[in-house]
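Hi everyone, thanks for making time for this. I'd like to walk you through one model, going from the overall picture down to a single residue. Here it is on the screen.

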Amino acid sequence: MIRRTIVRTAVAAVVTAVSLSIGGQALADPPEQPGAGQPEGQGPEAQGPEGQGPKPQVTIPTVKSADGSYIKNIVPVDARTLHFDIYSAAMDTVLPVEVMLPADTSVPRPSLYLLSGADGGAGQANWQGKTDAMQFLSDKNVNVIQILGGGFSFYTDWLQPDPKLGVYKYDTYIGKELPTLMDAALNTNGVNAIAGLSMSGLSVLNLVTHNPGLFQAAAVYSGLTQTSDPIAQEAVKLTVNEWGGGTVENMWGAMDNPLWVENDPTVNAEKLRGVELFVSTGNGIPGAYDLPSSKWATTNTSEYPKTIALGMIIEASINLFNHNFQAKLNSLGIPATFVYRDVGLHSWGYWQDDLKTSWGVLAKGLGL
């Protein structure tokens with residue numbers, strides 16, 4: 001008990017720095033401000049893993065979601081990649097979605113939804129820009145659906161509009177609007193999995209619990225798994241307020257608002273029963289991907305020591321929360337795969353590896 005108190009006190013003392021690099025952003029290179037614009041390298045000129053061959057002929061389906069959301073436009077990028085512009089009725093805005101089609105579309109295929117970090121995939125801070133995920137998934141016969149936008153939103157439904165961040169209803173968008181549209185446009189088989197990192201790791205678990213039966217598998221890479229814990233609350237608050245420039249009370253209210261408990265995956269772990277689960281994290285000890293020579297390390301050498309220190313704090317904190325989450329699942333008899341890496345900070349290099357490690361769990365849920 002004494003040791004745990006000391007650890008929690010130490011973490012609490014430094015957690016005010018946690019959000020400074022959530023999402024794998026170096027301190028010297030803060031994430032871009034949120035927006036629904038098309039990320040660099042993701043638009044009609046971008047090339048996917050299978051860029052050769054004719055672009056597919058597409059027809060925009062006339063189907064709408066229950067609340068009136070619809071597909072505004074579809075742009076073929078290459079033989080395997082489609083860019084979607086989705087009108088979300090819940091947020092009254094158009095949002096980008098990037099899809100890599102299965103290699104074989106002769107029969108309906110399952111779908112894997114991918115979420116990015118704190119800035120929502122702006123710029124190059126997304127799976128396609130930072131990893132070889134598209135190459136790895138290119139032979140898996142799954143629709144790969146990248147959610148873009150939603151910076152600092154935690155992909156949840158906010159209580160009220162934020163003066164800085166605007167209207168955020170991402171739980172409704174991802175959980176209720178988008179699947180109907182994707183299923184119609186891609187001729188899917190209705191089987192889904194979802195994976196996310198850092199900020200969106202928490203979102204992955206909440207999207208599963210808030211939308212029963214929608215996702216058959218979920219993977220979380222270096223993501224928070226608690227929100228009613230005071231330390232975790234501080235990390236969420238600082239991510240929204242300091243990086244995003246928003247006000248966290250507009251998201252889930254004051255810290256004693258019941259929404260903080262309702263969005264805590266550890267408290268609500270029973271709702272994850274029946275879903276194939278994968279959770280991974282490092283331990284706060286720098287590894288190969290944290291060296292200055294790594295392509296994932298900050299390019300600002302003067303900020304390197306501070307970036308490493310922040311990464312150690314973040315990953316060590318998440319490691320603690322994940323152990324709590326695992327203990328809760330074990331107490332309920334809910335199976336899950338937990339990976340605690342021997343090294344690793346908060347970096348895309350580890351998440352690239354984690355996606356590959358988690359594929360067996362995701363594939364099982366997807367029926368592949």
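A quick word on terms: helices, of at least four residues, and strands, of at least two, are DSSP runs, numbered from the N terminus. Counted that way, the protein chain has ten helices and nine strands. Please keep in mind that this is a predicted model.

So how confident is the predictor? The mean pLDDT of the protein chain is 86, and 85% of its residues reach 70 or more. One stretch to treat with care is residues 1-50, where the pLDDT is below 50. That stretch still makes 125 contacts in the model beyond near neighbours in sequence.

Now the chain as a whole. It has 368 residues, and 57% of them count as buried. Looking at contacts with a separation of 6 or more, 73% are between residues 24 or more positions apart.

Let's go inside. In soluble globular proteins, nonpolar side chains tend to be buried together. Here, the largest nonpolar core holds 63 residues, and those touching the most other members are Phe84, Ile86, Val97, Ile147, Tyr173, Met182 and Ile194. H4 gives this core its largest share, seven residues. There is also a second, separate core of 25 residues, with Met134, Val142, Val144 and Ala193 among them.

Let me pick out Met182. Setting aside residues up to four places away in sequence, Met182 touches Phe84, Ile86, Val97, Val99, Tyr113, Ile145, Asn187 and Thr188.

Last stop, Val240, in helix H6, which runs over residues 230-243. Is Val240 buried or exposed? Its relative accessibility is 0%, so Val240 counts as buried, the cut-off being under 20%. Leaving out neighbours within four places in sequence, Val240 is in contact with Phe152, Phe154, Trp158, Leu165, Gly245, Gly246, Thr247, Val248 and Met251. Take Phe154 from that list: Val240 and Phe154 are 86 residues apart in sequence, but their C-alpha atoms are 8.5 Å apart in space.

Technical notes:
Residues are numbered from 1 along each chain as its sequence is written. This is a predicted model: local features need pLDDT of at least 70, side-chain atom pairs count only at pLDDT 80 or more; totals for chains, interfaces and linings use all residues. Side-chain values use heavy atoms; hydrogens and water are left out. A nonpolar core is a set of buried Ala, Val, Leu, Ile, Met, Phe, Trp, Tyr and Cys residues joined through side-chain atoms within 4.5 Å. Buried means under 20% relative accessible area, exposed over 50%, partly exposed in between (1.4 Å probe, protein chains only). Contact means heavy atoms within 4.5 Å. pLDDT is the predictor's confidence in each residue, from 0 to 100.
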